[in-house]
Amino acid sequence: MANEQPLPATVKALGFVSLLTDLSSEMVYPINGRLLRLLGAPAWVLGLIEGLAESTASILKLYSGTLSDKMGRRKPLALLGYGLAALSKPLIGAAGVWPQILFARLLDRTGKGLRGAPRDALIADVCPTEQRGRAFGLHRSLDTTGAVLGPLIGYFFLRANPSGLRSLYWIAFIPALLGVLLLWLVVKETPHAKTPRLGGERQGGERLFSLAGLSPTYKRFLLSVGVFSLVNSSDQFLLLRAQEGAKLTPESILLLYALFNMVEASLGYLVGKLSDSVGRWPLIVAGWGVFALVYAGFALLPSGVGFGGVLGLFLLYGLYSTLTQGAQKALAADMTDPTQRGRQLGIFHLVVGIGALPASLIAGVLYDMVSPAAPFWLGAGGAVLAVLLLPKEKHIPKEKRKSDENKGNPL
């Protein structure tokens, strides 16, 4: 649009920090399952590690978001979080038994938990409501650009060095460190007003897990997100299914993951802008529907179909992620009270990830004890249920959003 206001520099800088961090993480994430298998770990261990890691991240997002409200600062927690994530990469590369990988993944996700809500709140703080879809879309696109570049670097490295699986984790440390430096030196923050209490208690800190102060629509939204999270197991199971069902090599898995992320990297910003004009709800419904189709496809995957047999499914999975990730965050931000945005966004992140442990554990047990297809049927059915529970958003025109925000009324 001709009169479209440029996004704040803080949003752009945080996007490039995420690009470098995801370049590092996604360079090695797709082969974590392969490394665990080489160490003799069964599928339930993969579910345990990924479930604990993601649940840890989600719980910490609640605390870190609330703490950033109390401190009046977002950047210090984000800086600590990105730093811990960087340290985890060489630790995984040096692991000799699976509990060491568990420790390193917990360290990595602790970093994600510390940075997630403060970073998202910082983006929301510097953007008016009518820019948030675009801001989160840009951030997600840059984040996912790193998620494309990382697996591609890993792919070409392993093509040239087939036995260099562990060395790749040391290489991944470099861009992660650059991301920390960029955040430290470039991202600027204007301290915001501190909240007087850390919680909803009358005379003490805030009850972090209290839903008091949340609108009924936001609570219904959190319910539907929670149901979806309980069936959305780790992406490692998609990669494991491709590796063992389609008989793919580690470098092929990295290439596949790069192409999956390429969908979101190319469309994320446009979809974010679309959510500002048509609303978040239609995009989330469409995305969860695509998720159900993809999981049904993985459940029906014939043995030994090869790279081409799973490529289409991974591209569709990238479309699901594109449609939902930025829209969910933007809708959550729209529904929060600006004076408690860190805490209330932290609750959203908690709900998104708290189901990761049971979801991934159940998926691992089903994969080992029932069939490799079983966790994917569960995911497809759960996604349909989540769509039915999702409250329909009443889309608010940009002019009305701006007026409401100027009055101090959270949407």
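At what angle do helix α6 (residues 129–160) and helix α7 (residues 167–186) pack, and how far apart are their axes? In this predicted model, in which local features need pLDDT of at least 70, side-chain atom pairs count only at pLDDT 80 or more, and totals for chains, interfaces and linings use all residues, the question can be taken up directly. Residues are numbered from 1 along each chain as its sequence is written, and side-chain values use heavy atoms, with hydrogens and water left out.

The angle between α6 and α7 is about 145 degrees, and their axes are 11 Å apart. Axes are lines fitted to C-alpha atoms, for helices over the stretch in contact, and angles run from 0 to 180 degrees between N-to-C directions. The crossing of α6 and α7 is right-handed; a crossing is right-handed if the near helix is turned clockwise from the far one by less than a right angle, and left-handed if anticlockwise. Gly154, Phe157 and Leu158 of α6 are in contact with Ser167, Leu168 and Ile171 of α7, where contact means heavy atoms within 4.5 Å.

The protein contains 16 helices and zero strands. Helices (H or I, at least four residues) and strands (E, at least two) are DSSP runs, numbered from the N terminus. Of the 411 residues in the protein, 57% are buried, where buried means under 20% relative accessible area, exposed over 50%, and partly exposed in between (1.4 Å probe, protein chains only). Among contacts between residues at least 6 apart in sequence, 86% join residues at least 24 apart.

Helix α15 (residues 374–389) packs against helix α11 (residues 281–299), with axes that come within 8 Å and cross at roughly 160 degrees. This makes α11 roughly antiparallel to α15; angles over 145 degrees count as roughly antiparallel, under 35 as roughly parallel, 65 to 115 as roughly perpendicular and the rest as oblique. The crossing of α11 and α15 is left-handed. Among the residues that make the contact are Val285, Trp288, Phe291 and Tyr295 of α11 and Pro375, Phe376, Trp377 and Gly379 of α15. By class, the contact of α11 with α15 comprises 16 nonpolar residues, one polar residue and no charged residues.

Helix α8 (residues 216–231) also has an axis that comes within 8 Å of that of α15, and the two cross at roughly 175 degrees. Helices α8 and α15 are therefore roughly antiparallel to each other. On the α8 side, the contact involves Arg220, Ser224, Val227, Phe228 and Val231, and on the α15 side its residues include Leu378, Gly379, Gly382 and Ala383. The contact of α8 with α15 has nine nonpolar, three polar and one charged residue.

The largest nonpolar core has 98 residues, of which Phe221 and Phe314 touch the most other members. A nonpolar core is a set of buried Ala, Val, Leu, Ile, Met, Phe, Trp, Tyr and Cys residues joined through side-chain atoms within 4.5 Å. Helix α12 (residues 306–335) gives the most to this core, with 12 residues. Not counting residues up to four places away in sequence, Phe221 touches Ile284, Gln328, Leu331, Ala332, Met335, Phe348, Leu390 and Pro391.

Helix α9 (residues 236–245) is mostly covered, with nine of its 10 residues buried. Among these buried residues are Gln236, Arg241 and Gln243.

Gly81 is found in helix α4 (residues 75–93) and is buried, with a relative accessible area of 0%. Not counting residues up to four places away in sequence, Gly81 touches Gly111, Lys112, Leu114 and Arg115. Gly81 and Asp108 are 27 residues apart in sequence, with a C-alpha to C-alpha distance of 8.3 Å. Leu48, in helix α3 (residues 43–71), touches Trp98, Leu357 and Leu361, not counting residues up to four places away in sequence. Leu48 and Ile362 are 314 residues apart in sequence and 9.3 Å apart in space, C-alpha to C-alpha. Asp337 is found in the loop between α12 and α13 (341–354) and, at 22% relative accessibility, counts as partly exposed. The C-alpha atoms of Asp337 and Leu214 are separated by 8.1 Å, and the two residues are 123 residues apart along the chain.

Key: Nonpolar A, V, L, I, M, F, W, Y, C, P; charged D, E, K, R; others polar.
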